[in-house]
Amino acid sequence: MNQCHDIEELISGYIDQELTQQKAQQVRRHIESCDSCKAVYEDLLAIRKEMGQLQYPECEEAKLNKIMNEPVAKTLGVVGWIMLIIGLVGFMGWQAFTFFTQPVVPTWAKIGVLLIELGALGLFLSVLRQRLIARKTDKYRNVKL
Ligand SMILES: [Zn+2]
């Protein structure tokens, strides 16, 4: 194909996303059907990647994701939640045992405290659930990228 020479000149611009939409589409279509230009494109892309010069619009987001998904940050997050849950359950158990067995405390006060605690527990569980769902969605989004 005579087109190859023209396309090869555009490949660099294509990788840097400097082409018009029309030209980019032209290059993309040609690369898909031409093995030698595809090889040129892939070589150039590999070089760019090695040099760390690839600038995607979602670069900052990807960086943030990387930081958030870092093993240390992830582990700290999980440990934090586990400590919070253990602490909350332990405290509420102790509090329930000492508070609800007090004969001096009137029943209406016990019921009131119980309602507050159940409400807080419900809110806490709903936040936890949202977090777990968000994590699943993140995973899905990462796969798509
Ligand atoms: Zn070609």
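Are Cys34 and Cys37 buried or exposed? Both Cys34 and Cys37 are buried (buried means under 20% relative accessible area, exposed over 50%, partly exposed in between, with a 1.4 Å probe and protein chains only). This is a predicted model, where local features need pLDDT of at least 70, side-chain atom pairs count only at pLDDT 80 or more, and totals for chains, interfaces and linings use all residues. Residues are numbered from 1 along each chain as its sequence is written, and side-chain values use heavy atoms, with hydrogens and water left out.

**Overall fold**
- The protein has 6 helices and 0 strands (DSSP runs numbered from the N terminus: helices are H or I, at least four residues; strands are E, at least two).
- Along the sequence, the pattern reads α-α-α-α-α-α.
- Of the 145 residues in the protein, 18% are buried.

**Zinc site**
- Cys4 (SG), His30 (NE2), Cys34 (SG) and Cys37 (SG) coordinate the zinc ion at 2.0 to 2.3 Å.
- Donors are N, O and S atoms within 2.8 Å of the metal (3.2 Å for Na, K and Ca); water is not among the atoms, so sites may look incomplete.
- The arrangement is tetrahedral because the 4 donor atoms subtend angles of 97 to 114° around the zinc ion.
- Four donors count as tetrahedral if all angles lie between 85 and 135 degrees.
- For four tetrahedral donors, the ideal angle at a metal is 109.5 degrees.
- Along the chain, the zinc donors are spaced as C-x25-H-x3-C-x2-C.
- UniProt, in an unreviewed entry, lists residues 4-37 as "domain: Putative zinc-finger".
- UniProt positions are given in the numbering used here, feature names are shortened, and annotations may be inferred rather than shown by experiment.
- The span 4-37 is 82% helix and 0% strand, and its end C-alpha atoms lie 7 Å apart.

**Loop between α1 and α2**
- Gln17 sits in the loop between α1 (3-15) and α2 (21-33).
- Gln17 is not a glycine, yet its phi is positive, about 55°.
- Most residues other than glycine have a negative phi.
- Gln17 counts as partly exposed because its relative accessibility is 47%.

**Salt bridge**
- The structure holds 1 salt bridge (a side-chain nitrogen of Lys or Arg within 4 Å of a carboxyl oxygen of Asp or Glu).
- Asp16 and Arg48 form this salt bridge through their side chains, at 2.8 Å, N to O.
- The pair links distant parts of the chain, 32 residues apart: Asp16 is in the loop between α1 and α2, and Arg48 is in helix α3 (residues 35-51).
- Asp16 is partly exposed, at 30% relative accessibility.
- Arg48 is buried, with a relative accessible area of 15%.

**Annotated transmembrane regions and surface patch**
- The unreviewed UniProt entry places "transmembrane region" at residues 76-96 and 108-128.
- Residues 76-96 are 100% helix and 0% strand, with end C-alpha atoms 29 Å apart.
- Residues 108-128 are 100% helix and 0% strand, with end C-alpha atoms 30 Å apart.
- Val78, Ile82 and Ile86 make a nonpolar surface patch of about 260 Å².
- Patches use residues with over 30% relative accessible area and no salt bridge: like charges are joined within 9 Å, nonpolar side chains (Val, Leu, Ile, Met, Phe, Trp, Tyr) within 5 Å.
- Accessible areas come from the Shrake-Rupley method with a 1.4 Å probe; for residues, only the protein chains shown count as cover.
- Ile82 lies in helix α5 (residues 71-100).
- Ile82 is partly exposed, at a relative accessible area of 45%.

Conventions: Four donors count as tetrahedral if all angles lie between 85 and 135 degrees; four count as square planar and six as octahedral if opposite donors are over 155 degrees apart and all others between 65 and 115; anything else is irregular.
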